[in-house]
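Work through these exercises with the model open beside you. Try each task before reading its solution.

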Amino acid sequence: MVEILHCERIVIMLLVTCISISLITVPAVAIERHYIWEVTYQYKSLDCYKKLAIAINGLTPGPTISAVQGDTIVVDVINNLLMENVAIHWHGIRQRGTPWSDGTDSVSQCAIMPGETYRYKFVVDRAGTFMYHSHYGMQRETGLYGMINISLPVGVSEPFNYDLDQGIILSDWYHRTAYEHSTDLSSIPFEWIGEPQSLLINGRGNYNCSGLAPSICNSTNPQCSPSTLTVISGKTYRLRLASLTSLSALSFQIEDHEMTVVEADGQYVEPFVTKNLFIYSGETYSVLVTANQDPSRNYWTSISVVSRKPKTPNALAIFNYHPNHFHKLPPTNPPAGPLWNDTQLQINQSLTIKARQGFIVTPPKKSDRVIVLLNTQNKINGYIRWSLNNVSYSLPSTPYLIALKENMTDVFDSTPPPEDYDSANFDIYSVANNTNATSSTSIYRLQFNSTVDIILQNANSMTANVSEAHPWHLHGHDFWVLGYGEGKFNLSRDIEKYNLVDPIMKNTVPLYPYGWTALRFQADNPGVWLFHCHIEAHFFRGMLVVFESGVEKVGNIPKSNYGCGKTKGLIKP
């Protein structure tokens with residue numbers, strides 16, 4: 001009897017062990033997450049100044065999407081704007097197998113017309129910090145944006161430890177409308193949109209309302225009270241930062257607290273410590289911050305403009321130590337941030353960002369194709385444009401993805417765009433002798449699975465001694481950042497400086513004034529993909545290119561993507 005009980009106990013222990021192992025080793029089942037978003041006009045006072053904004057379900061910024069790697073995201077977007085279309089881009093989501101859900105007007109889809117509903121459906125195939133925003137006209141600057149936070153499956157750990165995480169959206173804010181800005185940029189004489197009136201932290205800023213009627217600007221409006229991040233002394237926090245600015249490059253800092261950078265654009269970074277983080281439009285980062293200062297008081301969080309001479313005041317938020325009141329102002333002056341024009345300090349941070357050991361994806365040693373893109377400001381028939389290799393690009397009325405899939409060869413320019421410029425005779429430090437450019441809708445056709453190098457070369461604008469920084473974003477892919485340099489890129493000399501050992505992979509990268517940035521990516525995602533400056537005005541005025549690869553491998557495009565240009569004739573009643 002004792003032997004039988006002993007055997008039963010062994011069997012039970014084995015069963016428990018097997019069940020425990022199965023619970024540990026069987027991955028969590030991915031799920032579908034459904035969202036219904038109504039896009040509407042709303043009056044908002046994000047910086048105390050009342051302005052017509054665009055909201056999702058009444059929120060500006062919009063709701064955060066939180067999911068787990070492998071989940072399917074389904075978003076039904078209802079366009080209840082009265083006078084304009086909508087398209088929403090899922091920035092950093094590669095859309096493998098679903099290029100029609102990239103959310104780019106005139107590239108992947110026809111924009112959603114007023115009164116219509118469109119369904120985006122895609123898989124989030126990796127963890128990290130991402131964002132979404134409008135990709136129609138200059139609509140992003142009106143507040144149609146938000147965060148996407150993707151966690152690892154249960155049982156899979158990050159290579160760093162923290163207690164809690166918090167998303168932080170950084171943005172800039174104009175008081176004039178996108179309609180006015182687009183008109184200014186498209187007119188003769190040209191009128192630049194100027195610097196933003198405010199910077200926002202999680203959709204909150206504080207404009208000086210002096211001399212304005214309370215009905216227009218009210219500094220006591222709770223919508224513009226400082227954003228707060230409440231922490232507990234001794235805890236470590238992962239701050240997920242996303243820059244949705246339409247123009248401004250920023251420096252982010254927390255008074256008396258150091259940050260450890262651990263993630264960039266969904267990729268693990270070899271950790272490094274910094275007192276401030278430079279972040280450009282379209283970039284995301286995760287930083288670890290430990291609440292290790294005097295807990296009897298609160299501290300300032302601030303963002304300041306860099307790369308452009310600032311005319312916009314710093315934005316402030318409160319780093320609140322519990323149990324202090326979350327609106328208790330710190331007793332000190334806010335951190336001012338670094339000098340706006342210390343470009344070398346910004347370059348040094350970019351050079352510091354490398355792939356984390358144990359998570360390095362080694363790039364191919366050589367590329368199959370090199371495309372050099374000279375970034376300039378130009379004129380076409382008297383209109384100011386931004387150009388690449390003296391070509392300023394516009395988007396056709398028929399989306400490229402549908403046109404190529406349906407063999408419509410007459411809806412865009414089939415002439416291959418230039419892959420270089422006259423480097424030997426072009427002075428990047430002076431205003432060009434001939435600033436005239438041409439306009440095109442042509443695209444780069446890339447061999448599927450080929451390795452492509454992109455060299456971004458900066459130069460003087462049409463204003464003497466001015467070279468603007470440009471944050472460049474690639475849809476559908478990540479690229480290896482091989483290097484940065486000053487002056488004119490030299491293929492035979494500078495290629496030797498490439499980091500082929502531990503380069504970070506990103507989807508957005510800065511191009512510094514009078515310098516170059518070298519990227520490498522594999523054209524392994526079938527579809528048609530934008531590559532463009534993430535400054536809204538520059539993109540609107542032509543600073544973009546389009547890559548196609550493997551479009552013949554793309555599956556059936558949903559008919560809901562059709563309905564504009566020549567696609568109207570393909571819709572059967």
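**Exercise 1. A salt bridge at the surface and below**

Task: Decide whether Asp494 is buried or exposed, then find the salt-bridge partner of Asp494.

Solution. Start with Asp494. Its relative accessible area is 2%, so Asp494 is buried. The cut-offs are these: buried means under 20% relative accessible area, exposed over 50%, and partly exposed in between (1.4 Å probe, protein chains only). Next, look for the partner. The side chain of Asp494 meets that of Lys497 in a salt bridge, 3.1 Å from N to O. A salt bridge here is a side-chain nitrogen of Lys or Arg within 4 Å of a carboxyl oxygen of Asp or Glu. Finally, check Lys497. With a relative accessible area of 54%, Lys497 is exposed.

A note on the source: this is a predicted model, where local features need pLDDT of at least 70 and side-chain atom pairs count only at pLDDT 80 or more, while totals for chains, interfaces and linings use all residues. Residues are numbered from 1 along each chain as its sequence is written, and side-chain values use heavy atoms, with hydrogens and water left out.

**Exercise 2. Pairs that link separate parts**

Task: How many salt bridges does the structure hold, and which parts does the pair Arg126 and Asp478 tie together?

Solution. First, the total: the structure holds 22 salt bridges. Now take Arg126 and Asp478. Their closest N and O atoms are 2.5 Å apart. Arg126 lies in the loop between S6 and strand S7 (128–134), and Asp478 in the loop between S26 and strand S27 (479–486), so the pair ties together parts that are 352 residues apart in sequence. Helices (H or I, at least four residues) and strands (E, at least two) are DSSP runs, numbered from the N terminus. Both Arg126 and Asp478 are buried.

Then turn to Arg238 and Glu158. They form a salt bridge with closest N and O atoms 3.0 Å apart. Arg238 sits in strand S12 and Glu158 in the loop between strand S8 (145–151) and S9, so this pair ties together parts 80 residues apart in sequence. Arg238 and Glu158 are buried.

**Exercise 3. The surroundings of Arg94**

Task: Where is Arg94 placed, and which residues does Arg94 touch?

Solution. Locate Arg94 in the loop between strand S5 (88–91) and strand S6 (117–123). Check the cover: Arg94 counts as buried because its relative accessibility is 16%. Now list contacts, meaning heavy atoms within 4.5 Å. Leaving out residues up to four places away in sequence, Arg94 touches Asp125, Arg126, Gly476, His477, Asp478, Asn525 and Trp529.

**Exercise 4. A covered strand and its partners**

Task: How many residues of strand S31 are buried, and in which sense does S31 pair with strand S26?

Solution. Strand S31 spans residues 527–533, and seven of its seven residues are buried. On to pairing: two strands pair if DSSP finds at least two bridges between them. Strand S26 (residues 470–474) and S31 pair in the antiparallel sense over three bridges. In that pairing, Leu474 has Phe531 as its bridge partner. S31 also runs antiparallel to strand S32 (residues 544–549), joined by six bridges.

**Exercise 5. Parallel or antiparallel?**

Task: Do S9 and strand S12 run parallel or antiparallel?

Solution. Strand S9 covers residues 164–173 and is mostly covered, with seven of its ten residues buried. Seven bridges join S9 to S12 (residues 236–243), and the two run parallel. Ile168 has Leu241 in S12 as its bridge partner. Now compare strand S10 (residues 198–201). S9 pairs with S10 in the antiparallel sense over four bridges. Asp172 stands opposite Leu199 there.
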